[in-house]
Structures are given as structure tokens and as C-alpha cells.
Amino acid sequence: MMTELEKEFLICGYHQLRPIKVTNKLLYARDILDSIPINDEYLQVNVIPEKEVIASAKNFFSAHLNLHPILMADTQSYLEVVSKTNAMMAKEWIALYKQIGIPISPFNLPIQYTEKHAFAGYLKTFGDYVDSDYVLKYSPALFLNIFLSKTINEDTPISYVHEIGHTQLMSVKGSVISFYDCEIIPIFLELVAAMDLDDDNYLLHINIVHRLETLIAIIESLNDPLFEEKLKAENDETENIPTYWSYVISIFKAFHLFSLYHDGNIETKKEIMAYIQKIFDGEIKVEDMLKKYSISYDNSMSKKSIMKVFTL
Ligand SMILES: [Zn+2]
């Protein structure tokens, strides 16, 4: 059986992972992050009506980006097609698989509100029952639903924007070369949405603090020599070392990109969004944009960069 992660690699077209280690530079970055004072009293969010979640996200995207349709499938037709996997040639099967995908606006992808994922969302794609390298490599991503936290508050539209960002990337195979970079655009959009949705920068502050705390916790975990064993014992497929690294690397790079956006004039802001549009349209890759702005893992975790972006 392939793991969920292996399937995601094939569906999204990520390149092979290169192993990463906790370096002294990263531990130094953690110490700097740790030294940033946080005012916890400031972290309350208000409850909002459910319909505002979609409305706010729609407003956000219509101001910045054009979204392309994504393919949604219903469980019944999906299981029917999967039951034919062994009876058909892979090529024929893929054609059938593509047929069950219905193009929809990402805003029409059903949202399921759940107890889990208190501060975030989660995107469910089909692939669970498919176990063939070939099929996954050539099949499009079929989306099932978006999970969001049951407690709907001012921050929910921001988690929703994040997940919508993922739909746009995952439906264009190869739009992100490295799995470690897969969270950059969703996290960047989440920060811009937080900035747009609240003139007082209150939501932005909350999201920065949330990512800052997550980042410190993940670095701690990755630095624990027993962490890999602990994860194995949990036996939860969504918890794995590469995913943790994708958060570390993507948070650093996304914040770096966000600081250019935040401090940039209107032209710079438009230019960054135009690059993201090109990524969504399949014209360039996330890594092309990082290169254009000289954003690397290394320079994004320098003291100068950290003090600039995590204290906004
Ligand atoms: Zn994400």
C-alpha cells in the first residue's frame, strides 16, 4: 500500500524529496523566534455567521486573482470507477476517472465543519483507493470537500482562503516542484487576506503569532531525536516528517514573500499577485517566483529577515 503522502506526490507531480537536517542555523532561528514577545490578551476572535466565510473569501479573490475551476467527484461514482481498476487497462481507466470529475468553482466545493483543525482547514482529495503509480501520475486531482473548524469566527475566512489556494495549486500538476514549497502560496494568501479583511491589523497579528508559535513547536519536535518514533507510534498518516519540514520551509519563505508584499508599493503588490496568477494558470512554477525575488530557505531564516517579518 502506498502512503497518503506518496499518492499526493504523484497527484501533484512533486519531485523527489531531498532529506533535510536540523542545523545550528535553524536552532539559532528558533531562539530568535522565541525571543519575540507575544501579547496573548490580544488574541481573541469574534464569532461570525457562516455565510460570511464564503463571501469574504470571494471578495478577497475577486480583488486579486482569477481562480480556475477544479474537478469534484461524488463518492458513489468514484467508488464505482475504483472497483474497475483491475479489470481495465490503465489508460482506459484514467479516461474513465477523468470523466467522473465535474468542473466546479472552488467555492462550490462542499465545506464540512469539523471539531478537528481548530485553527486551520484541510482539503480532501480522492486517491485513497487508487494504488497505482501510473494512474496517480496521469490522473487529475479530484476534490471531495474542504474541512474547516466548527467554531466559525473571524479567522475562518482566512483558513478558507488558504485551502482555496491549495485547490488551485493541486489541480495544476507540477505547479510546485518541491513538496517543501507546497504551503508557501496558501500561507502567503492567508496573510494577505488577514491584512485585507481587517484594517486594524488585528487578524494579521493573530495569524502571525499563530504561525510563529507553530514554527517554534515544529522546530522543537524535529530537533527531538525520538520524534520520528513518536510519530510512527501515533500511526496517523497525516503526521509525517516531510509534512513538518514543508511547514518549516514554507512558513519561512511565505513570510519573506509577505514582507516584500507588505512593504511594497502598489506596483510591487500587483506584480507579486501577477506571478501567483501565472502559477495558478500553469505558466510558471512557485520556484520561478522564489528565484525572481531571491527567496531561499537560508536567507528567509536570517536574523534580519525574522525580526522584520515576524514582528509586523
Ligand atoms: Zn496548507
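Predicted model: local features only at pLDDT ≥ 70, side-chain atom pairs only at ≥ 80, totals over all residues.
Local features need pLDDT of at least 70 and side-chain atom pairs count only at pLDDT 80 or more, while totals for chains, interfaces and linings use all residues. Residues are numbered from 1 along each chain as its sequence is written.

Select residues 50–64, helix α3; helices are DSSP runs (H or I, at least four residues), numbered from the N terminus. The end C-alpha atoms of α3 are 23 Å apart, which agrees with the 21 Å that its 15 residues should span at 1.5 Å a residue (the expected span is 1.5 Å times one less than the number of residues).

Next, colour Val-53, Ser-56, Ala-57 and Phe-60, which are buried in α3 (20 or more other C-beta atoms within 10 Å of the residue's own; exposed is 12 or fewer, partly exposed in between; C-beta atoms are placed from the backbone). Seen down the axis, the buried residues fall within an arc of 95°, so they line one face of α3; the arc is that of the directions from the helix axis to the C-beta atoms. Exposed Lys-51 and Ser-62 sit on the face turned away from the buried side.

Finally, select Ser-178, in the loop between α7 and α8. Ser-178 has 19 C-beta neighbours inside 10 Å and so counts as partly exposed. Its C-alpha atom is separated by 9.5 Å from that of Phe-9, 169 residues apart along the chain.

Note on methods:
Helix = DSSP H or I, 4+ residues; strand = E, 2+ residues; numbered from the N terminus.
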